[in-house]
Amino acid sequence: MSERTDIKLITTDMRKTLTAIIALTVAFSAAAQEKTYPEPEKMSPGMTEFWTPQPKVVTPGDILTNSAPSDAIVLFDGRNLDAWVSANGGAAKWKVHDGVFTVDKKTGDILTKESFGSFQLHLEWCVPENITGSSQARGNSGVYLQDKYEIQILDCYHNETYANGQTGSVYKQVIPLANAMRKPGEWNVYDIIYSAPVFNEDGTYKVAPQVTVIQNGIVLLNNFTIRGTTEYIGHPRVVPHGDGPIRLQSHGDKSEPISFRNIWLRKM
Ligand code: MG
């Protein structure tokens, strides 16, 4: 055979091989297209309806008087401060009278005896009709969640102050969505929904604390993410902690003291 004939034969063989590869590829891809998989099961209405666990039955209080629901921990029912202690030690010394209690600025803050994690807190507070002072020195108190994060209480009725220090702020961290104050002499209603933080091993927030604040039926904070502890001077700090009490603030200003009534809490 001549050299030329050899080349011709090789070329012919290559063409045959190529044709065979193409034929095989086509056959394989056809087989892949023919392969079928199970379809998702057809959905029925019942497949997204869960019957357990059923929410527990809670008997509501009278919404006209804001009385406690059946599963609430009553922290003040108008009779005594047995659920509270003084931050300075011993019994809470604020004065109970006429179904309410009034801040005693001489004896300091008070705290609940019990500590809490996440909760729904209801409390009512009243700035006295004869209130004096201005800005932060007018009816200042506050509710500390887990003894760390202050929800401000202040007479903000026709009383301007820095916006992130108004009633309903997490003090110095956020401006509330509204000023929902009733005038001095009338009762304000706070409903506070609080989610306690979860911490990483290094002490930072894994899940930061969050709070919703409603005053007199008006949302002031909507699931606000708390940045850290309430500080008068400086930035919030992240301090690892567990459950903590509710603290009511005895503020050092000279204005007439405010009063509280009807305090209850539901653990979440
Ligand atoms: Mg305060």
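Tyr 232 sits in the loop between β13 (218-225) and β14 (247-248), where helices (H or I, at least four residues) and strands (E, at least two) are DSSP runs numbered from the N terminus. The model is predicted, so local features need pLDDT of at least 70 and side-chain atom pairs count only at pLDDT 80 or more, whereas totals for chains, interfaces and linings use all residues. Residues are numbered from 1 along each chain as its sequence is written, and side-chain values use heavy atoms, with hydrogens and water left out.

With a relative accessible area of 60%, Tyr 232 is exposed; here buried means under 20% relative accessible area, exposed over 50%, and partly exposed in between (1.4 Å probe, protein chains only). Together with Tyr 162 and Ile 233, Tyr 232 forms a nonpolar patch on the surface, and the three have about 380 Å² of accessible area together. Such patches are made of residues with over 30% relative accessible area and no salt bridge, like charges being joined within 9 Å and nonpolar side chains (Val, Leu, Ile, Met, Phe, Trp, Tyr) within 5 Å; the areas come from the Shrake-Rupley method with a 1.4 Å probe, and for residues only the protein chains shown count as cover.

Leaving aside neighbours within four places in sequence, Leu 121 is in contact (heavy atoms within 4.5 Å) with residues including Leu 75, Val 143, Tyr 190, Ile 192, Ile 263 and Trp 264.

The magnesium ion comes next. Its protein donors are Asn 140 (OD1), Ser 141 (O), Glu 150 (OE), Gln 152 (OE1) and Gln 249 (OE1), which lie 2.2 to 2.3 Å from the ion. Donors are N, O and S atoms within 2.8 Å of the metal (3.2 Å for Na, K and Ca), and water is not among the atoms, so sites may look incomplete. Along the chain, the donors follow the spacing N-S-x8-E-x1-Q-x96-Q.

In one of them, Asp 71 pairs with Lys 56, the closest N and O atoms being 2.8 Å apart. Both residues lie in the loop between α1 (3-34) and β1 (73-76), so the pair ties together parts that are 15 residues apart in sequence. Asp 71 is partly exposed at 23%, while Lys 56 is exposed at 57%.

A further salt bridge joins Arg 138 and Asp 155 (2.7 Å, N to O). This pair links distant parts of the chain, with Arg 138 in the loop between β6 (119-126) and β7 (141-145) and Asp 155 in the loop between β8 (149-153) and β9 (187-195), 17 residues apart. Arg 138 is buried at 16%, and Asp 155 is buried at 0%.

Definitions and conventions
A salt bridge is a side-chain nitrogen of Lys or Arg within 4 Å of a carboxyl oxygen of Asp or Glu.
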